[in-house]
Amino acid sequence: MEYMTKTLKEIHKDLKDGKVTSAELIKESLKRSHEVQESCNAFVTILDDAKEGKVTDNILSGIPYGIKDNYSTKGILSTGSSNTLKDYVPFFTATSIENLDKAGAVPVNKTVMDEFGMGGTGTTGHTGIVTNPWDHTRMCAGSSAGSAAAVAAGVYPYATGSDTGDSIRKPAAYCGIVGYKPTYGMISRYGLFPFASSLDHCGVLSRCVEDAAIVVDNMKGIDKNDMTSWDSSKINLEKALTGDVKGKKLCYVKEICDIKNYPHASKELKEHLENFMKTVEKCKELGMTVDEVSIDQTLLNALPSVYVVISCAEATSNMSNLTGIIFGPRAEGDNYIDMMKNYRTKGFSPLIKRRFVIGSYVLQAQNKDRYFYNAQRVRRLLVDAWKDLYKKYDAVIMPVGSGPAKHLDGSLDILDENTAVLEEHLQVGNFGGFPSITIPNGFIDNLPVGVNITGNCYEDEKVLNIAYALESAMPYKNQIAKEVK
Amino acid sequence: MEYKVMVGLEMHCEISETKSKVFSSAANCYSEIPNTNVRPYDMAFPGVLPVVNKEAVKMALMASMILGCKQPEYMYFERKNYYYPDMPKNFQITQETKPAPVGIYGKLDYECNGEVKTVRINNIHLEEDAASSDHYATTSTIDYNRAGVPLLELVTEPDFRSADEAVAFLETMRSIYQYAGISEADSKKGQIRCDVNVSIMDASLDESDMKNWGTKVEIKNVNSFGGVRDAINYEITRQMELKENGTYDEMEQQTRRWDEDSASTIYMRSKVDAIDYKYFVEPNIPKFKLSKEWLEEIRKSIPELAPQRKAKYINEYGITEYDATIIVKEKAVSDYYEETIKCGVSPKSASNWITTTVLGYLNKHELEISDVCLTPERLSKLIKLVEDGKISSKQGKEVLYKVIEDDKEPEKIVDELGMKQIGDDNLIRDIVVKVLDEHPDLIEAHRKGKPVFDFFVGQVMKATRGQANPSLTANIIREEIEKR
């Protein structure tokens, strides 16, 4: 009997009833890990020596899961999918992973990502490209590519992810699963390798909203090591999933969702937006209202640049600690400057170096106001625009990306200008620290597509309940990737 | 040509009185063993985050208040980005851009050669210290114990007109940091470091117009007050020479360093090559509002500083201004003085003993008051022995040195040396009678007003090996002469 394709509650029940043991679950998960490593190249490390966990009343106890490789794990290789940390074994564990440890969850692998989360393709990790389990000629998107591929392929019910732009929520859509990043600071970032600290979120990829809720209930909590974390002890995500959404008010942004904005729309894009409108109808059937709202196109158009400027600026500073001197494979050199230069030149991929150059440029004294401060001003305007929506609406519902997973061939993190805002709008969730969840909402050419629901800060329960109700009204819950090609 | 000197200071002082570092849970204590007070944050392992030490913020705000600065409404920090091995993150968390600093635009009165001067404070901010490094011929060593220690950087306006003024200000600040319980402010432990800005201008020009100011030269890393004095004087002379030989205008704004060995400043870099530190707000520390209540609480908790103690000593304890000045110069001495009084000694006696005998001994042996085992309790017992006439004050000094050298109680030393002062009337009288009997001629001389009285006292002292109570002896001699 296969267990790794089931929901957490189903597995937990059988564990409690003695129908299966934790050891058997781990064995199955490890076996699937090796298969998915073969087919998708999803893992940096497979923990073949993973030990069974004690089964308690905690739903997560004894059940395997995966950890994105930018979470610090004591005694376990943690590379951030970068050559600069290819041999780095931390001596401390990220707080959120410690919380899962306390719940009795059992990690079985560390998943591949775009190098340090700086990419949206799953193709820039130092161990190679991650392929989409639905179609191996396509990408999973990124940066939580390995986690998305593994959960979709039924390696385990969930894996941790991190999200700086849409790094949980886009791969979830491309792989036909659920991706949830809670309000900024609900999960401690202590031990998460930073990309852009003001935008970085921890989160989870799973196959249903309820599992995502259960996992984050266990990961979250105020942490003395992270000053941006806050006390969420009164929030119980799992209990909030009542399915009662009558009277809830949703909206979508016309400038992003209306097909008329895309005169040269591809067939996939048309189908994707039509499918989104069908999802909107489903919401109405559930008793919610969905309005079309308008946001200044000029403001929206600034969105991708704001992200690039802020994320690159913070990244170039955050990653200054990577010198190869204190940790990481130390490089040769006549002096410490040459040692650092050689290490960084050799270790980082060209994509990352490009971002460092941008980050450095926008922070230079003569450029800072024009780029960095302006980006921060526009970030504020965008967040305010969304906060205005939340005065009237419970959540914003929008399509994820411009269609199903892109082909690996010819798609190297370059944006199609026409759909730039459609591709990037989830970044608003990071600008504002909003709770944001992607769930699958259909298929185009037999490939999954997703829809996203984003709410106001601290309203995770509401956002998840809406997603839960919508998920229940559609037939894509708990789907496992079926190879189409 | 007459020149006017303009000197500004950047004074870095470690906060030594917090338990842990400013953003790290590692201990904040001076240790001879390198790299022992280090936590993952200090070594910048991936995923570590800064956590602000509330106690350090409190002390920084207290310093801001003492300097008459304005405190910010919101507290936040910034990153200063640069690559150097003394900072593994390769950025320093600091407060550069106004209104981030814990204090801006204050002023402080200080005394220089008996004159009260005022210096304007541009800002004071809280930041993390870097590791300390030692450089040898082919290698350097780094000690991360200091990395992350809370550091207060104070920036003055260029208000000092001489090296004396700059040093007098630094001494005042050291006193403030010590009295406020913020720092030991010990430059021997590297807790105080200064950057000095020096420029000169023609004395005839109006200094309120910045156009008339000279070219600013910054001197980095001067690590002692003596060094500050020497560096300023050296730089004034150097710049004057440039003026005199007509090459001053070619001098560009620059950074130099003070080289202790050659006692000179050495060119480092021009302003053109100034490093762009790419400051931005530290995203991992949320802005937090400083509540009025908390600020008020801090203001109320500012301890009594040197000027207040000095006034108390003069007005309430009745000691001289001269002695009061000596006592409050070092907080440890002032604390010692107050402890001694608490042990029951009169403020005047305590002052006399401390300013002369105790400090005399310490200065002679280059010791600090905390270095010696003469506790205030021991000193008070000693003073009591003298005041009760058990030993003479000359003997008292001898006992005091013995207490320090042998680490024993004063009474014990008095016993061991058989030093008890002879206070027995009859015993002394017998000796006096004997001395007078031997010198009838001198009694005559005394009566005629010749200065021979001290001779009698000296003879009694000689006979008792200095143990006779001097005033008692004098009284008995007078009585016995009267009788004859």
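The model is predicted: local features need pLDDT of at least 70, side-chain atom pairs count only at pLDDT 80 or more, and totals for chains, interfaces and linings use all residues. Residues are numbered from 1 along each chain as its sequence is written, chains are lettered from A and ligands numbered from 1 in the order in which they are written, and side-chain values use heavy atoms, with hydrogens and water left out.

## Interface of chains A and B

The size of an interface is often given as the accessible area lost when the parts come together. Here, chain B and chain A bury about 2700 Å² between them. Carbon and sulfur atoms carry 65% of that area. Buried area is the accessible area (1.4 Å probe) that two parts lose on being put together, summed over both.

The side of chain B that touches chain A divides into 21 nonpolar, 4 polar and 4 charged residues. In this grouping, Ala, Val, Leu, Ile, Met, Phe, Trp, Tyr, Cys and Pro count as nonpolar, Asp, Glu, Lys and Arg as charged, and the others, Gly among them, as polar.

The contact takes 38 residues from chain A and 29 residues from chain B. Contact means heavy atoms within 4.5 Å. Between the two chains, 12 residue pairs are in polar contact, both residues at pLDDT 80 or more. A polar contact is a pair of N or O atoms within 3.5 Å; within protein, one must be able to donate a hydrogen and the other to accept it, and residues adjacent in sequence count only if both atoms are side-chain atoms.

## Salt bridges

A salt bridge is a side-chain nitrogen of Lys or Arg within 4 Å of a carboxyl oxygen of Asp or Glu. Over all chains, the search finds 63 of them.

| B:Glu165 | B:Lys117 | 3.1 Å |

B:Glu165 and B:Lys117 meet in a salt bridge. This pair links distant parts of the chain, 48 residues apart: B:Glu165 sits in helix H2 (residues 163-179) of chain B, and B:Lys117 in strand E6 (residues 115-128) of chain B. Helices (H or I, at least four residues) and strands (E, at least two) are DSSP runs, numbered from the N terminus. B:Glu165 is buried, at a relative accessible area of 8%. Buried means under 20% relative accessible area, exposed over 50%, partly exposed in between (1.4 Å probe, protein chains only).

B:Glu184 is partly exposed at 33% relative accessibility.

B:Asp406 and B:Lys402 are separated by about one helical turn because they are 4 residues apart in helix H10 (residues 393-406) of chain B. B:Asp406 has 31% relative accessibility and counts as partly exposed. B:Lys402 is also partly exposed, at 31%. Elsewhere, salt bridges with shared partners join B:Glu304, B:Arg309, B:Lys312, B:Lys331, B:Asp335 and B:Glu338 into one network.

## Strand pairing

Two strands pair if DSSP finds at least two bridges between them. In chain B, 3 strands form an open antiparallel sheet in the order E4-E3-E14. Strand E4 (91-94) and strand E14 (280-281) of chain B each have a single partner strand, so one side of each is left without a neighbour in the sheet. Strand E3 (residues 78-81) of chain B is joined to E14(B) by 2 bridges. B:Glu78 stands opposite B:Val281 in E14(B).

In chain A, 2 bridges join strand E4 (residues 131-132) to strand E5 (residues 135-139), and the two run antiparallel. A hairpin connects E4(A) to E5(A) through 2 residues. A:Thr131 has A:Met139 as its bridge partner in E5(A).

## Two residues of chain A

A:Met139 is also among the contacts of A:His407, together with A:Thr137 and A:Arg138, leaving aside neighbours within four places in sequence. A:His407 lies in the loop between strand E11 (395-399) and helix H15 (420-424) of chain A. Its side chain makes a polar contact with the side chain of A:Arg138 at 3.4 Å. At 36% relative accessibility, A:His407 is partly exposed.

A:Thr438 lies in strand E12 (residues 436-444) of chain A. A:Thr438 is buried, at 0% relative accessibility. A polar atom of its side chain lies 3.2 Å from the backbone oxygen of A:Arg169. Beyond four places in sequence, the contacts of A:Thr438 include A:Arg169, A:Ile177, A:Val400 and A:Asn452.
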